[in-house]
Amino acid sequence: MNWSRRHLLSIEELSKEEIEHILENSFSFKEVLLRPIKKVPALRGKTVVNLFFEPSTRTLISFSLAEKHLSADSVNVSTSSSSVKKGETLLDTAKNIESMKTDMVVIRHSSAGAAKFLAERLNSNVINAGDGTHEHPTQALLDFMTIREHYKDFKNLKVLILGDILHSRVARSLMWGFMKYKTKVTLCAPPTLLPLYLNDFNVEVEYDIDKAIKDKDVIYILRMQLERQEKGLFPSLREYIKDFSMTYERYQTVKDRSIIMHPGPINRGVELDGTVADSGKSVILEQVTNGVAVRMAILYLLNGGKNE
Ligand code: CP
């Protein structure tokens, strides 16, 4: 296919064909990643700015590594080290950085729509690395790549998304993506941690975790985002663990071929037991590896899909 997008802002805007094209390129870049010398000249001479206004380990480091593997020059900017601390607006910060002749911006921000806002105002390519509770498209793409390594056909999969769906940009990106593949998706969470926008999606809700986990091929566990929550959404963390955590006891009842996923960072002993995170069915670290390949593919495609 001919790739024509200049920005990657959401999974909602992508067609199934575009997702497939990103995955195909990601598998090629994974081969580069597994070589002893992980370097291609695809982005030589380009400068990428990683503008992170929220904490990140996986996304920031994997974008930085992807940029290095593609031979781009890159700079990391965080809230604590930028003049945003002195009252400068996001747009002024971004325009000042662009005036230094940068080419691409990767942005993580606490406000939904921040990446789109910049894409409409800058000349640079813009990549959404997570905007508030809206979307986290590169996370969903690395998740699809990881699922594809275990299951060829998304259409006949049974997927469970478990946990704090209300505050999760990852869940929304996953639901948009799975809807394009007509994948059967079930959500499991306390009613207070389910969003109102569910009517946009063809998903089922099951409140009983023991029933929900039994027949699923993919169990996608979400972090309890205590930092985004108002108080009183569930009685106590102990109650939440009792009713919605993937304990080792529950893990023993899942299908033999199931895979356990999590976007990270994980809270051991909260949304899942540490033994589950480290178990044979967990693909959490495979997701992290695939994140570098997916981000290499996205940077490459947005730059026109050409080598140098
Ligand atoms: N999954 C994810 O976005 O992790 P970070 O917050 O560490 O980037």
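User: Happy to start with the pocket: how do the residues of the lining of the largest pocket divide into nonpolar, polar and charged?

Analyst: This is a predicted model, where local features need pLDDT of at least 70, side-chain atom pairs count only at pLDDT 80 or more, and totals for chains, interfaces and linings use all residues. Residues are numbered from 1 along each chain as its sequence is written, and side-chain values use heavy atoms, with hydrogens and water left out. A pocket is an open set of points on a 1 Å grid over the protein atoms alone, where a 1.4 Å probe fits, with protein on both sides within 12 Å along at least five of seven lines; lining residues have an atom within 4 Å of a point. Counting Asp, Glu, Lys and Arg as charged, Ala, Val, Leu, Ile, Met, Phe, Trp, Tyr, Cys and Pro as nonpolar, and the others, Gly among them, as polar, the lining divides into 5 nonpolar, 8 polar and 7 charged.

User: Great, and which residues lie nearest the centre of the largest pocket?

Analyst: The lining of the largest pocket has 20 residues. Nearest the centre lie R108, R169, R223, G264 and P265.

User: Where does the ligand sit?

Analyst: A molecule sits in a pocket if more than half of its atoms lie within 2 Å of the grid points. By that test, the ligand sits in the largest pocket.

User: Which residue has a backbone N or O atom 3.2 Å from a nitrogen atom of the ligand?

Analyst: Polar contacts here are pairs of N or O atoms within 3.5 Å. The backbone atom facing the ligand nitrogen at 3.2 Å belongs to G264.

Methods: A polar contact is a pair of N or O atoms within 3.5 Å; within protein, one must be able to donate a hydrogen and the other to accept it, and residues adjacent in sequence count only if both atoms are side-chain atoms.
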